[in-house]
Amino acid sequence: MNIVFLGPPGAGKGTQAQYLCNDFRLQQLSTGDILRLNIKQKTDLGKTAEDYIAKGELVPDNLIIDMIRSEIAKYSRDQGFLFDGFPRTISQAEALDSLLDDMNKKIDISIELKVPDENIIDRLSGRRICPICGATYHIKYNPPKVEGVCDIDGGELYQRKDDNPETIKNRLEVYKNQTVPIVNYYKKYNKLEQVNGVGELHNVYRIINEIVSKVN
Ligand code: AP5
């Protein structure tokens with residue numbers, strides 16, 4: 001099974017992906033996480049991507065598609081994927097379909113998490129991340145047991161550089177202009193489910209789990 005998670009920055013894609021991958025043994029492929037790892041490792045891709053991410057702009061399609069192609073190649077053919085934050089343009093969506101087609105696979109369902117802009121700033125400014133395991137918390141809505149410390153491995157939680165008000169505003173604009181058209185792309189193929197992403201984390205997950213269980 002292969003799933004695409006769509007939704008604006010801070011919609012909860014990464015958070016819900018962690019639950020879903022656990023329950024359905026999917027491999028999460030978050031293009032944002034892979035790009036941040038490249039930045040940390042100072043690869044050529046990381047050096048190019050850094051500026052785009054800092055401004056909240058999309059990294060060029062050709063770089064992202066090559067990156068996803070080599071990520072997919074790391075896993076066995078029967079591994080299912082949850083694509084988180086990818087595709088973000090129609091070109092990326094078409095490239096993904098063709099990549100999967102070459103492997104006799106397909107996207108089974110795309111899930112769009114719908115969250116209004118006013119919730120996004122609140123969510124992103126309170127987000128904290130573990131540098132060791134990547135677990136995501138929120139100071140109000142999903143706090144760790146000990147402030148500033150990851151529950152899983154004791155890592156010291158940090159705030160992403162692009163989670164500042166100015167960059168968040170641009171990320172939202174970019175989402176509306178460049179990524180929203182993908183919603184219609186999947187709708188056209190009858191592969192779109194829309195979920196209200198506002199509400200308690202586990203209530204949102206229950207709905208997503210029901211959708212995926214039906215497809216599985
Ligand atoms: P990326 O890392 O993908 O960021 P994003 O899409 O902006 O999404 P986020 O990771 O910010 O949010 P999320 O939806 O995962 O929310 P989360 O679960 O953390 O991309 C970063 C950049 O990389 C892009 O701007 C671009 O430059 C580049 N890039 C990445 N992919 C690309 C691509 N395909 N093409 C080109 N460029 C690309 O939740 C957010 C917070 O809210 C957390 O604190 C969480 O605890 C909290 N929360 C979650 N759910 C709830 C809830 N129900 N109620 C209350 N709080 C909640």
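1. In this predicted model, the lining of the largest cavity comprises, by class, seven nonpolar, three polar and two charged residues. The residues concerned are Phe5, Leu6, Gly7, Pro8, Pro9, Lys13, Gly85, Phe86, Pro87, Arg88, Tyr175 and Thr179, and among the secondary-structure elements, strand S1 (3–6) and helix H7 (165–179) each contribute at least two residues to this lining.

2. The volume of the largest cavity is about 70 Å³, and the count of cavities of 30 Å³ or more comes to one.

3. Arg88 belongs to the lining of the largest cavity and is also listed with Thr15, Glu57, Arg127 and Arg171 as the closest of the 34 residues that surround the ligand. An N or O atom in the side chain of Arg88 is placed 2.6 Å from an oxygen atom of the ligand.

4. On its own the ligand has 1,000 Å² of accessible area, of which the protein covers 96%.

5. As to which elements form the shell around the ligand, helix H1 (13–24), helix H2 (31–40), helix H6 (117–125) and strand S6 (136–138) are those that give two or more residues, and H2 gives the most, with four residues. Sorted by class, this shell holds 13 nonpolar, 12 polar and nine charged residues.

Methods. Residues numbered from 1 in each chain as written. Predicted model: local features only at pLDDT ≥ 70, side-chain atom pairs only at ≥ 80, totals over all residues. Heavy atoms only, no water. Near = heavy atom within 4 Å. Polar contact = N/O pair within 3.5 Å; in protein donor to acceptor, adjacent residues only side chain to side chain. Areas by Shrake-Rupley, 256 points an atom, 1.4 Å probe, with all protein chains shown as cover. Nonpolar A, V, L, I, M, F, W, Y, C, P; charged D, E, K, R; others polar. 1 Å grid on protein atoms, 1.4 Å probe; cavity = no way out; pocket = protein on both sides within 12 Å on 5 of 7 lines; lining within 4 Å. Points joined across faces, edges and corners; volume = space filled by probe spheres on them.
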